[in-house]
Amino acid sequence: MKNIVILISGRGSNMEAMIAARDAGQLPVNIAAVIANRPDAKGLETAAAAGIATRCLDHKAFAGREAFDTALAACIDEFAPDLVVLAGFMRILTPDFVRHYEGRLLNIHPSLLPAFPGLHTHQRALDEGVRVHGCTVHFVTAELDHGPVVIQAAVPVLDDDTEDSLSARILKQEHRIYPQAVRWFAEGRLQLDGMKVRVQGEQAEPAALISPVLG
Ligand code: GRF
């Protein structure tokens with residue numbers, strides 16, 4: 001079974017969705033550890049309560065980005081992960097860190113990339129008046145919120161949507177597509193071809209188009 005390490009910064013609801021999928025027998029991975037960069041990350045408690053090893057590396061205790069990322073990689077590698085899963089990990093990563101985990105580092109971003117990289121994606125989508133918004137699981141590259149797309153889910157933007165209502169609708173989809181992407185990885189079904197990800201044995205649509213879910 002593949003080993004995964006999950007990195008969080010806060011609430012950890014995507015991490016919880018993975019724990020739930022694993023417990024339901026839908027995610028055949030060993031969650032070796034959950035690591036946070038903030039001591040107050042709520043998700044650390046959730047992970048510990050689920051019996052998962054937790055670590056906290058407070059980025060404020062490090063002289064700079066390189067020093068933190070070096071220590072973080074050492075902490076991660078103690079658990080010998082096949083895959084590192086960024087789940088609301090609010091840090092810009094150094095190119096060396098990204099290179100070290102090339103092809104085995106996934107992120108979830110709350111927009112239909114390449115639209116709206118960065119922060120405040122839901123408010124920006126509302127401000128731009130887009131009719132469709134969503135979330136993306138992608139392999140991480142050195143460029144922020146960029147990289148080969150594994151799966152996306154789209155939701156309609158409704159006339160009376162607020163940042164909160166839109167983000168809640170999208171979070172539901174995040175909790176659906178992220179465990180799915182990790183499962184594909186764990187099953188050895190993801191093949192990288194430049195910026196394209198091919199899902200082996202997937203009969204329906206290419207992975208990037210698989211889930212335009214309305215509602
Ligand atoms: C999610 O919206 C994720 O897409 C973004 O940060 C948020 C994390 O939420 N990167 P949670 O900590 O998983 O609840």
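The model is predicted: local features need pLDDT of at least 70, side-chain atom pairs count only at pLDDT 80 or more, and totals for chains, interfaces and linings use all residues. Residues are numbered from 1 along each chain as its sequence is written, and side-chain values use heavy atoms, with hydrogens and water left out.

**Domains**
- Contact (heavy atoms within 4.5 Å) links 21 residues of domain 1 with 15 residues of domain 2.

**Ligand shell**
- R11, G12, S13, N14, G88, I108, P110 and E174 surround the ligand, each with a heavy atom within 4 Å of it.
- Domain 1 and domain 2 each supply at least three residues of this shell.
- By class, the shell holds two nonpolar, four polar and two charged residues. Ala, Val, Leu, Ile, Met, Phe, Trp, Tyr, Cys and Pro count as nonpolar, Asp, Glu, Lys and Arg as charged, and the others, Gly among them, as polar.

**Polar contacts** (pairs of N or O atoms within 3.5 Å)
- A polar backbone atom of G12 is 2.8 Å from a ligand oxygen.
- For N14, a backbone N or O atom lies 2.9 Å from an oxygen of the ligand.
- E174 uses a polar side-chain atom, 2.8 Å from a ligand oxygen.
- On its own, the ligand has 370 Å² of accessible area, and the protein covers 86% of this (Shrake-Rupley method, 1.4 Å probe).

Note on methods
Polar contact = N/O pair within 3.5 Å; in protein donor to acceptor, adjacent residues only side chain to side chain. Domains from an automatic or database assignment.
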